[in-house]
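Subject: Structure handover

Hello,

Here is the structure I promised. Please open it alongside this note, which goes through what was found.

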Amino acid sequence: MLLQFTTVLLALNACFHFSHCKYLPSWDSLDSRPDPPWYDKAKFGVFMHWGVYSVPSFGSEWFWNHWKQQHYPSCIEFMKKNYPSGFSYADFGPMFKAEFFDPNYFAKLVAKSGARYFVLTSKHHEGWTNWKSNTSWNWNSVDNGPHRDLTDDMATAIRQYKNITFGLYYSLYEWFHPLYLEDQHNKYKTQGFVKGKVIPELHDLVTKFKPEYIWSDGDWDASPDYWTSKKFLAWLYNDSPVKETVLVNDRWGAGCMCHHGSVYTCADHYNPGVLQKHKWENAMSIDKRSWGYRRNATIDEYYTTKELVSQLVTTVSCGGNLLLNVGPTADGRVIPVFEERLLQMEEWLDVNGQAIYDTKPWRAQNDTGNVWYTSTKEAVYAIALDWPSSGHLILNEPITSSSTVVTLLGSAEQLKWVAGPRHGLVITAPTIPLPKMPCKWAWTFKLENIR
């Protein structure tokens, strides 16, 4: 305890003497850094998993591992049926051509979705880099496949939209990299892979592309000390070109998840349903079974728009952000079902965005009738995931006054209400024909002058 206290004092002393706080390579110091304000205001982002796994587009983005390491019978049979004997995963590289890729279209779609930040996979566990990494010779998108810097293309296109922040996903480990396998064999007592590959690439990504969100992954097999995570984060916060605005997630080594980092992801598809003490993120994919594109997906394996809106509402109500993933095809397209889902998210946000962006959790998160709350200084928003078909919406949590005003977002008409039998209020829902509803999927009742 004394050692921890001394570490914190040293960090505070450093902050006192420098105009920009100098963070030490310790969790006590690194975790004391405030999050840049842009992230909590944003609430909604788009994730994009895109790599060589988009070529076989079978099973999931873990295809190579499932085929060659875990020996899934379905993957083995898929390769036997569709590719010649001796075909290797590396042979998929030249087939990842991205010939229809238009970064401006991708960026426009992200902007149309209502997202306020975007995260692109710079490298997944397969080791392929979507930029010209000097430590990934011929296994990158410039020397192979598309023969273009996909990361630079997307960074440039996204930054045309001033209200969208650019971030990068980076996998620390690689399933079959010889240096990683050697370190693994040595029980992570050596760091050839980290020193020769990981840290040079992370520094390269930050200095070249200046991402303001680094979404780390593939960390769980080894400790933060093996990955030298604390040293890298200290550099990121103290000396990098994005030191003032960058934030990171919580995947920096075994034991870090849900304990260290700017943003806690805790698990894929994490949505606890209750208010959390630390800023968190629900990272999920529209495809229920994969983050990368799957050619054999069926329509019932995609989340519906209503389900996605529900995820956004419940996540924001409990203090989180939603990072929603799509997986482009190997030829560089976003398939229509993904495009539709993203455009329908914006359709909903266009009406209800004031109840999402730049809001804070209220003192209560949910109420009767599948209602979830968000708040600003001016109002409380009761978001009903089901329309009150009885004609009345009963809310038990609000404390009303004689000046309480209730409106439905998308409609200027004030709604009638009466005090509940014990507390709260009963709102008379407007009788609106379905085609004339201000929105679909969920409805926001704005409550002013309540406690």
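First, a definition for the strand work: two strands count as paired if DSSP finds at least two bridges between them. Note also that this is a predicted model.

**Strand 15 and its partners**

With that in hand, look at strand 15, residues 443-448. Strand 10 (residues 380-384) pairs with strand 15 in the antiparallel sense, over 5 bridges. Within that pairing, Tyr381 has Lys446 of strand 15 as its bridge partner. Strand 12 (residues 405-408) is also antiparallel to strand 15, with 4 bridges. Here Val406 stands opposite Leu447. Strand 15 is mostly covered, with 5 of its 6 residues buried.

Strand 6 runs parallel to strand 7 (residues 320-326), and 6 bridges join them. One of the pairs to look at is Ala283 with its bridge partner Leu323 in strand 7.

**Helix 7**

Why is helix 7 largely enclosed by the rest of the structure? Buried means under 20% relative accessible area. Of the 9 residues in helix 7 (residues 150-158), 7 are buried, so the helix is largely enclosed. The buried set is Leu150, Thr151, Asp153, Met154, Ala155, Ala157 and Ile158. They pack against helix 6 (103-112), strand 2 (117-123), strand 3 (165-171) and helix 9 (192-209). At the start of the helix, a side-chain oxygen of Asp149 comes within 3.2 Å of the backbone nitrogen of Thr151.

**Nonpolar cores**

The largest nonpolar core has 132 residues. Phe118, Trp227, Phe232, Leu236 and Trp348 have the most contacts inside it. Helix 9 gives this core its largest share, 8 residues. Phe232 is worth a look: leaving aside neighbours within four places in sequence, Phe232 is in contact with Ile199, Leu202, His203, Val206, Ile214 and Trp252. Another core, of 14 residues, lies apart from the largest one. Its members include Trp38, Tyr117, Tyr169 and Leu247.

Best wishes

Definitions and conventions
Residues numbered from 1 in each chain as written. Predicted model: local features only at pLDDT ≥ 70, side-chain atom pairs only at ≥ 80, totals over all residues. Heavy atoms only, no water. Buried < 20%, exposed > 50% of the residue type's maximum accessible area, 1.4 Å probe, protein only. Helix = DSSP H or I, 4+ residues; strand = E, 2+ residues; numbered from the N terminus. Contact = heavy atoms within 4.5 Å. Polar contact = N/O pair within 3.5 Å; in protein donor to acceptor, adjacent residues only side chain to side chain. Core = buried A, V, L, I, M, F, W, Y, C linked by side-chain atoms within 4.5 Å.
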